[in-house]
Amino acid sequence: MSSVVYLNGEYLPRSEAKLSVDERGFFFGDGVYEVTRAVDGHLFESGRHMRRLARGLKELRLTPSVSLEEIEAISLELLRRNDITSGEGTVYLQITRGAAPRTHHFPPAGTPCTVFLSAGRFTLPTDKRATGVAVVTYPDIRWSRCDIKTVNLLGAVMAKQYATDHGAFESLFVKESAVTEGSHTNVFGVIDGELRTYPSSNLILPGITRDVVLELAREIGVPVNETPFHIHHIPDLQESFLTGTTTDVMPIASIDGKAVGDGKPGKVTMALYDALAARLYVAVGAGRR
Ligand code: PDD
């Protein structure tokens, strides 16, 4: 059965949703996106996602005709229409500068933004979490506005493919020897009992899961130090993990083939995963998975 998507004001079967070849998302990757988790038909941390989206729209001077409240309502409606009102799902949103003859500068005023949303079921990566995942390092070849969640994702695509080619779950970007983030995740390390992660800046995406995990760490008394760990710190890592909407807290078992700590999911990592899971499921009144 074809899923139902939302495109520019209409709910349509996915197979009937069509875009112009003059779409600026296609020509330039000129747009932003969000991926939001849904549990039992409720959106997780929707307010934070909407604030990040609003900031991205402002930075890129995109002015869609739908409001943030309407986007939330469309997201919930898509979950309903696709029968994802129980269990795990995700909602994908993309807003681009619309369709217009190809010019690098903005199209004429009044060109409507393209607004697309879809919803899908999501399978938890439970097996991977039990063992932890292998990751590899990759040079951070991206631009210097990684804080904007743009659909221009070529750096992430190349990095993730490198991981796939090497049988790894994720690539960690490295910039001037510092580990910045993953291709679609943020990354944390534990050194001397302290939680380390790249500080929020123009060089990483301010992940919603990253934010929640930092809050949870403070709540459960894990010392937090928002400074990066570097390549030369890898042998000193007691634990390391990834965070993201489709990853939750994912233990890292090895980096470039070398075990992190004892190569098993660490105590701090799993305490943070449990705290996140409690938020995810308790927030929506669902049972623990
Ligand atoms: N990616 N860093 C990057 C570069 C990302 O693309 C993502 C999310 C994250 C984690 O952010 P959050 O916790 O808000 O999901 C960090 C999404 C899930 C994706 O591209 O599919």
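Guide: Happy to! One term before we start: a polar contact is a pair of N or O atoms within 3.5 Å. Also keep in mind that this is a predicted model.

Visitor: Thanks. What lies 3.5 Å from a nitrogen atom of the ligand?

Guide: That is a backbone N or O atom of threonine 185.

Visitor: And which side chains have an N or O atom by an oxygen atom of the ligand?

Guide: Threonine 209 has a side-chain N or O atom 2.6 Å from an oxygen atom of the ligand. For threonine 245, a side-chain N or O atom is 2.5 Å from an oxygen atom of the ligand.

Visitor: How much of the ligand does the protein bury?

Guide: The protein buries 89% of the 480 Å² that the ligand exposes when taken alone.

Visitor: How many residues are around the ligand, and which come nearest?

Guide: There are 17 residues around the ligand, and the nearest are Tyr33, Glu181, Ile208, Thr209 and Thr245.

Visitor: Let's switch to pockets. What volume does the largest pocket have?

Guide: The largest pocket has about 750 Å³. Its lining is made of 39 residues, and those nearest the centre are Tyr33, Lys149, Thr150, Leu153 and Ser183.

Visitor: Why does the largest pocket lie between the two domains?

Guide: Because domain 1 (4–121) and domain 2 (126–283) both give residues to its lining.

Visitor: OK, new topic: how many cavities of 30 Å³ or more are there?

Guide: The structure holds two.

Visitor: Which residues line the largest cavity?

Guide: Its lining consists of Arg37, Phe44, His49, Ile208, Thr209, Val212, Gly244, Thr245, Asp248, Leu276 and Leu280. Helix α6 and helix α7 (267–282) each supply at least two of its lining residues, with the largest share, three residues, coming from α6. By class, five residues are nonpolar, four polar and two charged.

Visitor: Where does the largest cavity lie?

Guide: Between domain 1 (4–121) and domain 2 (126–283), since both give residues to its lining.

Visitor: And what lines the second largest cavity?

Guide: Glu34, Thr36, Leu43, Ser46, Met50, Ile71, Ser75, Val91, Leu93 and Leu117 do. The elements giving two or more residues to this lining are β3, α2, α3 (68–81) and β5 (88–96).

Visitor: How do those residues divide by class?

Guide: In the second largest cavity, six lining residues are nonpolar, three are polar and one is charged.

Note on methods
Residues are numbered from 1 along each chain as its sequence is written. This is a predicted model: local features need pLDDT of at least 70, side-chain atom pairs count only at pLDDT 80 or more; totals for chains, interfaces and linings use all residues. Side-chain values use heavy atoms; hydrogens and water are left out. On a 1 Å grid over the protein atoms alone, a cavity is a set of points where a 1.4 Å probe fits but cannot get out, and a pocket is an open set with protein on both sides within 12 Å along at least five of seven lines; lining residues have an atom within 4 Å of a point. Grid points are joined across faces, edges and corners, and a volume is the space filled by probe spheres set on the points. Domain bounds come from an automatic or database domain assignment. A residue is near a molecule or strand if one of its heavy atoms lies within 4 Å of it. A polar contact is a pair of N or O atoms within 3.5 Å; within protein, one must be able to donate a hydrogen and the other to accept it, and residues adjacent in sequence count only if both atoms are side-chain atoms. Accessible areas come from the Shrake-Rupley method with a 1.4 Å probe; for residues, only the protein chains shown count as cover. Helices (H or I, at least four residues) and strands (E, at least two) are DSSP runs, numbered from the N terminus. Ala, Val, Leu, Ile, Met, Phe, Trp, Tyr, Cys and Pro count as nonpolar, Asp, Glu, Lys and Arg as charged, and the others, Gly among them, as polar.
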